[in-house]
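Opening the notebook on this one. I wanted to look up charges first, then the overall fold, then the ion pairs.

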Amino acid sequence: MRVVILFGSEMGTAERAAEAVADELSRAHDVSIYDMSEFDTDDLDAHDFHVFVCSTYGTGELPTGAEPFFDQLDDRLPDLTGLRFAVFGLGDIVYDDTFNRGGEICAEKLTALGARQLGEHGRHDASGTIRSQDQAREWARSLSVEALATAGAAS
């Protein structure tokens, strides 16, 4: 199964987490990784499994690196029925109400267009002691067992 990893980052943390996810998933899958700012929404393919790694910026917004991708989704409103995805979000718990909001916005926008989220929604806390890459790698291990098995059966 092909896995497409898309990251949206402000300072590079989501990119590093996405690379850790790619390292883990590439052991059993054909993996491609892209910056969301350089990925056209027309290239979303329901035959692929998509992993979105998205940080949170400011007071709960999408990071600058994710804005072009989600602006395209908002403009084009594609039918994403059949598209399966997972989300690993990054944030900081000190921003209580908006903690990990970037990843949540990502999931909300995709499901509103018909896509289906699989696996546990990963949430990294920058205030914690675990590095984002380490948590992302561990999350990807559980994802590969659960969600990718389900996604592979659906294709």
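This is a predicted model: local features need pLDDT of at least 70, side-chain atom pairs count only at pLDDT 80 or more; totals for chains, interfaces and linings use all residues.

**Acidic patch**

I started on the surface, where Glu 61, Glu 67, Asp 71 and Asp 75 gather in a patch of negative charge. My patch rule takes residues with over 30% relative accessible area and no salt bridge, and joins like charges within 9 Å. Asp and Glu count as negative, Lys and Arg as positive, with His and the chain ends not counted. I place each charge at NZ of Lys, CZ of Arg, CG of Asp or CD of Glu. Areas are Shrake-Rupley with a 1.4 Å probe, and only the protein chains shown count as cover.

Residues are numbered from 1 along each chain as its sequence is written, and side-chain values use heavy atoms, leaving out hydrogens and water.

I then checked Glu 61, which sits in the loop between β3 (49-54) and α2 (67-76). Its relative accessibility is 37%, so I log Glu 61 as partly exposed (buried is under 20%, exposed over 50%, partly exposed in between).

**Fold**

I counted five helices and six strands in the chain (DSSP runs: H or I of at least four residues for helices, E of at least two for strands, numbered from the N terminus). In sequence order they read β-α-β-β-α-β-α-β-β-α-α. The C-alpha trace spans about 40 × 35 × 25 Å along its principal axes. Of the 155 residues, 46% count as buried.

**Salt bridges**

How many salt bridges does the structure hold? I get 13, each needing a side-chain nitrogen of Lys or Arg within 4 Å of a carboxyl oxygen of Asp or Glu.

Asp 23 pairs with Arg 137, with the closest N and O atoms 4.0 Å apart. Asp 23 is in helix α1 (residues 13-25) and Arg 137 in helix α4 (residues 132-145), so this bridge ties together parts 114 residues apart in sequence.

Glu 104 took a second look. Its bridge to Arg 101 has closest N and O atoms 3.4 Å apart, and both residues lie in helix α3 (residues 101-112), three residues apart, about one turn. Glu 104 also bridges to Arg 123, again with 3.4 Å between the closest N and O atoms. That pair links distant parts of the chain, since Arg 123 is in strand β6 (residues 122-125), 19 residues from Glu 104.

Definitions and conventions. Patches are made of residues with over 30% relative accessible area and no salt bridge: like charges are joined within 9 Å, nonpolar side chains (Val, Leu, Ile, Met, Phe, Trp, Tyr) within 5 Å. Buried means under 20% relative accessible area, exposed over 50%, partly exposed in between (1.4 Å probe, protein chains only).
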